[in-house]
Amino acid sequence: MNQIVIIDFGSQYSHLIARRIRESQVYAQLEPPDISPERLKAINPRGIILSGGPASVYGDGAPHCSPEIFRLGIPVLGVCYGMQLMSHLLDGKVVRSERREYGHALLDFGDNKLVRGLVSPQQVWMSHGDVVEQVPSGFCLVGKTKDGLAGIIVNEAQRLYGIQFHPEVVHTENGITIIRNFLFDICGCTPDWTMDDYHQRITEEIRRTVGDRSVVCGISGGVDSTVLGKLLHEAVGERLRCIFVDNGFLRKNEGEQVYKRLKAGLGLPVELVDASEQFLSALQGVDDPEEKRRRIGQIFVDVFFKTAGNFDFLAQGTLYPDVIESVSTRGPSATIKTHHNRVQAILDLIAQGRVLEPLRELYKDEVRILGERMGLPKEMLWRQPFPGPGLAIRILGPVCREYLDRLREADHILVDEIKRAGLYEKLWQSFAVFLPVRSVGVMGDERTYEQVIAIRAVESKDGMTADWVRLPYEILGRVSNRIINEVKGINRVVYDLSSKPPSTIEWE
Ligand code: XMP
């Protein structure tokens, strides 16, 4: 299989480079800056990409890779920091620019393999404070921004390339052409990474590993665990058990619906465990969000392992962004998820070789494609993400049954209206948050003194950054009216206008 290695220097876009390459049907994986030339030789990639990153190449503790990498005979493309590092490690010169360049820029360039098929000038996206002042020997400066700064450097003989802009972001209009020129013309890749191949390969691998032994997995009805359950069931049949722990923090009617869909709809061997009392009592009086998460995580593990009893393998729906070693590209949410998949009991099983993570090479959109190939219904694959701790982290402070009931009703109304408006699948998430403050209102002739619901709707690609959505006023108005009229104890609805960063998607 053709492969590209991306050495990750901590850019928020490193994963995006990998995704763009995979969309071109070439497999790409991220590796840390200290990857050895020997390991690279063993991986034997068709090409190497040095990602962007927040550091300055000459700064203290700036991540560097081995300069040997440029002598392996493998084509290298340095992007932003990657281009500066290549210049710095060879004999070029990188200096601090007089002004930071951020945003759109126009790039003038002459003919070369990277930009073949594109007409100069091109709109590109920049984000850097340093510039390559002098290119390394053997390199030509073939592209410049309107301000005269180095935009593209090339050493054709050694197949080393550098670009100061980001081809992976949509703001670089023809960035994908540049990536494909690198993959197909320069590295000689063929497009051989398809979900059908992956499906077949991973199914065989699961069968080979499991043999005639047993597998247990947790299932929640979310995209990842549903695809995981279906994949395992196809691979090992009745040797699979799926455990669905109802923690009592699910949305309205969600527990029964999910159970029915998985069991009757997909024919999966699902066991439903109602542990809601146990979860609720463990959270009594707890108001710290991290402590809530810790307790929920702990009880989940206790209930799950008690129900599972004896088994040979545990399967988890861990995805690619959660497993790569580079800490720098992870946002707080990825850390949280990793934490859930890496509690001590699971680490012990990993050490014994008893954990299967068949989705570990995939991004979420690829998991959805895999699910489609396996014939899973659309409404299962395009559900909005829902956090493991559920409604418990959407009630600020201590959780109680009464608050849960109010939030459940309000959330149901919001999602209902969003679906009616045809927006559900267009949004990353849309949900209600319960605020345990009280404000004064008037209903009929009566004064009320009741609580508040906040509405949150965000757009995002991967949950790491997010933008609040400009929902039409009519929808907001209808949702607000319905919540105040239909949910007892709520007399005010507010809309959350914050993006991530600096806020997070969830309120806790
Ligand atoms: P934040 O709030 O960190 O959320 O911006 C980013 C994404 O992660 C989800 N999220 C969680 N998922 N357990 C989960 O499984 C958690 O504790 C958790 N906290 C946040 C959140 O819904 C959003 O999609």
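Predicted model: local features only at pLDDT ≥ 70, side-chain atom pairs only at ≥ 80, totals over all residues.
Tyr 161 is buried, as is Phe 182.

The structure holds 12 aromatic pairs. Two of them are set out here.

| Pair | Centre to centre | Angle between planes | Class |
|---|---|---|---|
| Tyr 27 and Trp 193 | 4.9 Å | 55° | tilted |
| Tyr 161 and Phe 182 | 6.5 Å | 75° | edge-to-face |

Tyr 27 is in strand S2 (residues 27–31), while Trp 193 is in the loop between helix H4 (175–186) and H5, so their pair joins parts 166 residues apart in sequence. Tyr 27 is buried, at 5% relative accessibility, and Trp 193 is buried, at 4%. Ring pairs also link Phe 300, Phe 304, Phe 305 and Phe 311 into a cluster.

Helix H5 (residues 195–210) packs against helix H13 (residues 364–373) at an angle of about 80°, with the axes 10 Å apart. H5 and H13 are therefore roughly perpendicular to each other. On the H5 side the contact is made by Met 195, Asp 196, Tyr 198 and His 199, and on the H13 side by Glu 366, Ile 369, Leu 370 and Arg 373. These residues divide into 4 nonpolar, 1 polar and 3 charged.

The count of disulfides is 0. For Cys 140, the nearest cysteine sulfur is that of Cys 187, 19 Å away. Cys 140 is partly exposed, at 44% relative accessibility. Cys 242 is in no disulfide either; the nearest cysteine sulfur, that of Cys 217, is 3.8 Å away, and a disulfide needs the sulfur atoms within 2.5 Å. Cys 242 is buried, with a relative accessible area of 0%.

Technical notes:
Residues numbered from 1 in each chain as written. Heavy atoms only, no water. Buried < 20%, exposed > 50% of the residue type's maximum accessible area, 1.4 Å probe, protein only. Axes fitted to C-alpha atoms, helices over the stretch in contact; angles between N-to-C directions. Helix = DSSP H or I, 4+ residues; strand = E, 2+ residues; numbered from the N terminus. Parallel < 35°, antiparallel > 145°, perpendicular 65-115°, else oblique. Contact = heavy atoms within 4.5 Å. Nonpolar A, V, L, I, M, F, W, Y, C, P; charged D, E, K, R; others polar. Phe/Tyr/Trp six-rings, centres within 6.5 Å; stacked < 30°, edge-to-face > 60°.
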